[in-house]
Amino acid sequence: MFTRRLSRWTGDTLMYALLIGVCTFMLFPFLWMVITSLKTADEIFHIPMIVIPAHPDLHAYIYLMQQYPVFRVIWNTFIIATSGTVLSLFFCSLAGYAFAKFKFPGQKALFSFLLGTMVIPSAVTLVPIFLIMRDLKWIDTILPLIIPGAANAFGIFFMRQYISTISEDIMDAARIDGAGEFTIYWRIIVPIIAPGLTSLGLIFFMGAWNAIMGPLIYLKSPENFTLPLIIRSMTSPVGRTIYDTQMAASVISIIPLLIIFLIFQRRLMEGIAAGAVKG
Amino acid sequence: MLAASRSKRKPVKSSSKPPHSLWREIAKARWPYLFIFPFYLSFFIFGLYSTIFSFYLSFTEWKGLGPIKLVGLKNYVSLFKDKVFIQSMENGFLLFFLYVPLMTFLALILAVVLNSKRVRGFQFFRTIIFMPFIMNIAAAGFAFRLVLNQKYGVVNNLLAGIFNIPPIPWLESIWGARVSLCLLIIWAWLGYNMVIMLAGLQTIPSELTEAAMIDGANPTQSFFYIIIPLMRPVILFSVVLSLMGSFGLFNEVFILTGGGPMNATLTPFVDIFNQAFANFRFGYASAMAYVYFVILFALTLIQVSYFGKRVD
Amino acid sequence: MSHKMIHKLMSVILLSVMLLSACAPKPTPAPATQAPATSAPATSAPATSAPANLSGKLTVWCWKAAWTDSIVKSGGLDTFKAQNPNVEIEYVEISPADIYQKLPMAISAGTGAPDFACVESSHLAQIVALGGLTDLTTQVQPYVDKMNAYKWSDAMLDGKYYAMPWDSGPVVTYYRRDVFEAAGLASDPDSVSALIATWDDYLNVCKTIKQKTGDDCFASNKANNDARLYEMMLWQQGLGYTNAAGKVTVDSPENIATLEELKKFWDANLLSDQSAWTDGWYAELAAGGMTPIATVGPGTPEAPAVKPVATLVEAAWMGVFLKSWIAVGTEGLWGVALMPAMKAGQVRASNDGGSNVVIPDQSQNKDAAWALAEWLFGRTDSQVAIFKANDIFPSLESAYADPIFSEADPFFGNQNVRTTYVEAVKIVPVGYIYGPNYALMNRYVQTAIQKVSTGTASVADALKEAADAIRNDTGLP
């Protein structure tokens, strides 16, 4: 009896130890980033190592705002993420609704086809899409970053699963009342699926905010950059890498998502779980 | 054109009717067709056309400006002799085996631990462990570079101070760089995989585990004989995702190592990107992308059929 | 509500139709944009005053050290603007590495290229070969024999010129007088030059320094080696990655022998493992000059202070970097000697780097762009002013007659280092390192050197592997 208790106690301790260990691992880079952003350049690379800066201050942030169009870049990132998300949510929910709640010839085949398109890796279409964008003169705009991904198979799949759980009665009632199909979508379905839209929207938003490859290929002028790009531009071979400023920029790039995450984390994780388990 | 009302009370059968009925079906279904149209249009342009054009390009030599030169199978032949590309494929496998088992196992364990009623602070731990996922890789990668610096990084300093270990060349050696990359990947994706596992766990009715406990099974046994078998689909899903992921790794590699010392951490996707946008060899990059596509597809098929067979 | 529906549908259809019709990319785009520039006739004489009727907006892509710290600081921009009040110049700061990527991409994308772009010599040939640059043959004619001769080969394609040279990178040996003295060696430039007359002599000097002081001779990272030192060693012998006929020589006996020579330094454990342009590398160069900051923090180990590195074989532009930000506290501790020759009697100079200016063909203001380039780099006063501002070593040889090139530099212990630079630049042979495929070849050779230095492969095997890969990729023999 006592050994049972003891083994339970050690079991619990082990579990907590594991959890705390993993959490430390997860938090450590964040913390180090913040601390580094408060150090002076000499303190960052110093032997012996300096952990806590002697006079922590915001000079790196000030320098960042003076030398880089930070607000413009934050705005860019925000616009790209938001418009991309709204566009994607619109098209994906529309198509998901169609697949979920309608019967039409070829539906099964069309849907299987849609799933099949997820097999093609983006590496294959990388060059042609770039060439298309070049000919459309969309380089250095946000369009290449939001249009190709607007109607994407994952989103449609997700929405279809989600919408299929809604009962048909409301739709039937609306049709009897003479509502057009799009109106039904816009005024009835959308409000109902708001939680699902939030989840999916969060996934899209995050992806767009943190994206590197798309902006790397398509955004040319520094004032059109997104936050990850600006951070990356601060390492240069020749010249001192401004670690303190770079870390300051990194901290700034994380804060908006962090806030959104902390508020909406449940929705976000529901979205991820739904995509996986029902898949 | 504007259908004011439509009755859907009659179910529609279309299989054995004469053709003109089919057209009426299609006409009736103009709304759903319209709704799904954007996807197919987008796919037609950015998917189908692009894939075909890429196939065409793979038989050419082209720098993006000037005339396109058809060269037949030359690119594919070169690919087979391209040691860097072969290395990148090897790296895909290597990295997969290096981080996927560990990450999947850890994700599962963490999910089980959190899911068990014995641990308090579920929300708190889940939030913290998931948090790295929301961070952009540029910020994370550069932070890791700082932390893993051989001479000045905090990790080596701590190891030296506490355990007296000589400085480890994290980013300076072949295996060091691979391990560092895996550390970054695990850091970024563990929470995500854990959430997937948690969702899967929640589909396991708790009566099962409780029944097992009553029967005298200890937690370890219930873990291996109940949880893992029931979680197989979820684990499979996670692993298949990770396999495609390890070949397609881009952000982490690009920021942390750039391909690593002596191409040790180069992944196929980064190689394709370099050939296309640093060397401007569009034809060659397209050929590379196709070979990559074929290999990836085959791997996914193998994985799914092998593991899929063993799922009840 | 129904009308709104029609409109919504119409716009969707319209958008789709637009997309479909607009995006039929032409597989064979317009012929390569290499038409000669329709530039003003007034540029045939090396005028000291540019025509004042130029107007327009120039977008300049250049890196900060080159533009802000050199050109702007020299006042050359102001005088140009005074002469050309209707020309507006917009400066975009882009690092050299980003220019290698962005400029070809912008040229390839057909839009977004600047009017005036600084391009380092290492990547000039690649950008020239890509196409999309303005033909400057007529404009540069008067300057062809006024610039360092070896600068032109990268700017040329099929007999036409596509760039204007700006600065060169003659290679010398920077050395620490205090370290040499501590090792019991003579520390004045002439003696040091004599001591390191050949690479084998240099090896022995390094051994002495290591023995007597424990200091490393120079830094050359193993696992992430960038091949630049190796390239300097090849260039001084008139060798390269290809030969004059375009045949790949990466695995030629001479190239192998050169790498074997470098390997001797690693084998004798004389080199520091810091990667160039990292903080550890800077710390070594600045050691003995920086004042340490008081340490704060729990239980950090007592690490030894950073030891200085004894020498640095690098181009003239390194001098001002050392002076102005890398090793600020080490004034007076440095000297400059000639680079060692591979074998006795051979050339004791090489080239590393250097920059040029190109005018993309997309530019709407080619005349103004050329006028700016000529104003800044074709005139002796201008080049001298730029040199005075930031020690950027001019490719324009008439500049060397200026008195500043006979001045002593206190940072280098009052040595007249400029004479050494000029001496070096005059004997640099034509090398075959930079070429249209430099980036690719450099990457493969980097891997080879990394393998050699970490003991993963022998010199011959590593270079052969690199050479084969290069032949495979480029189709060169």
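I began with burial, and I count a residue as buried if 20 or more other C-beta atoms lie within 10 Å of its own, and as exposed if 12 or fewer do. The model is a predicted one.

Entry: chain C overall.
I looked up burial in chain C and found that buried residues make up 52% of its 477 residues. For secondary structure I noted 18 helices and 12 strands in chain C. I then took the contacts in chain C between residues at least 6 apart in sequence; of these, 80% join residues at least 24 apart.

Entry: positive phi in chain C.
I looked for a positive phi in residues other than glycine and noted D158(C), with phi near 50°. D158(C) sits in the loop between β4 (156-157) and β5 (160-161) of chain C. Is D158(C) buried or exposed? I counted 7 other C-beta atoms within 10 Å of D158(C). The limit for exposed is 12 or fewer, so D158(C) is exposed.
I also noted D391(C), which is not a glycine and has a positive phi of about 60°. Its place is in the loop between α15 (380-390) and α16 (417-427) of chain C. D391(C) has 22 other C-beta atoms within 10 Å and is therefore buried.

Entry: domains of chain C.
The domain assignment of chain C gives domain 1 as 41-169 + 353-401 and domain 2 as 171-289 + 305-350 + 430-474. I noted 30 Å between the centres of domain 1 and domain 2 of chain C, taken over C-alpha atoms. In the contact, 16 residues of domain 1 of chain C meet 12 residues of domain 2 of chain C. Which helix gives the most to the side of domain 1 of chain C that touches domain 2 of chain C? I found that helix α5 (residues 121-130) of chain C does, with 7 residues. I sorted the residues of that side of domain 1 of chain C into 6 nonpolar, 8 polar and 2 charged.

Entry: domains of chain B.
For chain B the assignment gives domain 1 (21-75) and domain 2 (82-310). Their C-alpha centres lie 33 Å apart. The contact takes 10 residues from domain 1 of chain B and 8 residues from domain 2 of chain B. On the side of domain 1 of chain B that touches domain 2 of chain B, α2 (30-57) and β1 (60-61) each supply at least two residues. α2(B) gives the most to this side, with 3 residues. I sorted the residues of this side into 3 nonpolar, 5 polar and 2 charged.

Entry: chain B against chain A.
I found 80 residues of chain B and 76 residues of chain A in this contact. On the side of chain B that touches chain A, the largest share comes from α2(B), with 16 residues. The residues of that side divide into 61 nonpolar, 15 polar and 4 charged.

Entry: a helix pair in chain A.
I looked up α4 (residues 70-101) and α8 (residues 153-163) of chain A, which pack at an angle of about 50° with their axes 7 Å apart. That angle makes α4(A) oblique to α8(A). I recorded the crossing of α4(A) and α8(A) as right-handed. The contact residues include S88(A), C92(A) and F99(A) of α4(A), and G155(A), M159(A) and I163(A) of α8(A). The residues of this contact divide into 8 nonpolar, 4 polar and 2 charged.

Terms used: Residues are numbered from 1 along each chain as its sequence is written. Chains are lettered from A and ligands numbered from 1 in the order in which they are written. This is a predicted model: local features need pLDDT of at least 70, side-chain atom pairs count only at pLDDT 80 or more; totals for chains, interfaces and linings use all residues. Axes are lines fitted to C-alpha atoms, for helices over the stretch in contact, and angles run from 0 to 180 degrees between N-to-C directions. Helices (H or I, at least four residues) and strands (E, at least two) are DSSP runs, numbered from the N terminus. Angles under 35 degrees count as roughly parallel, over 145 as roughly antiparallel, 65 to 115 as roughly perpendicular and the rest as oblique. A crossing is left-handed if the near helix is turned anticlockwise from the far one by less than a right angle, and right-handed if clockwise. Two residues are in contact if their C-beta atoms, placed from the backbone, lie within 7 Å. Ala, Val, Leu, Ile, Met, Phe, Trp, Tyr, Cys and Pro count as nonpolar, Asp, Glu, Lys and Arg as charged, and the others, Gly among them, as polar. Domain bounds come from an automatic or database domain assignment.
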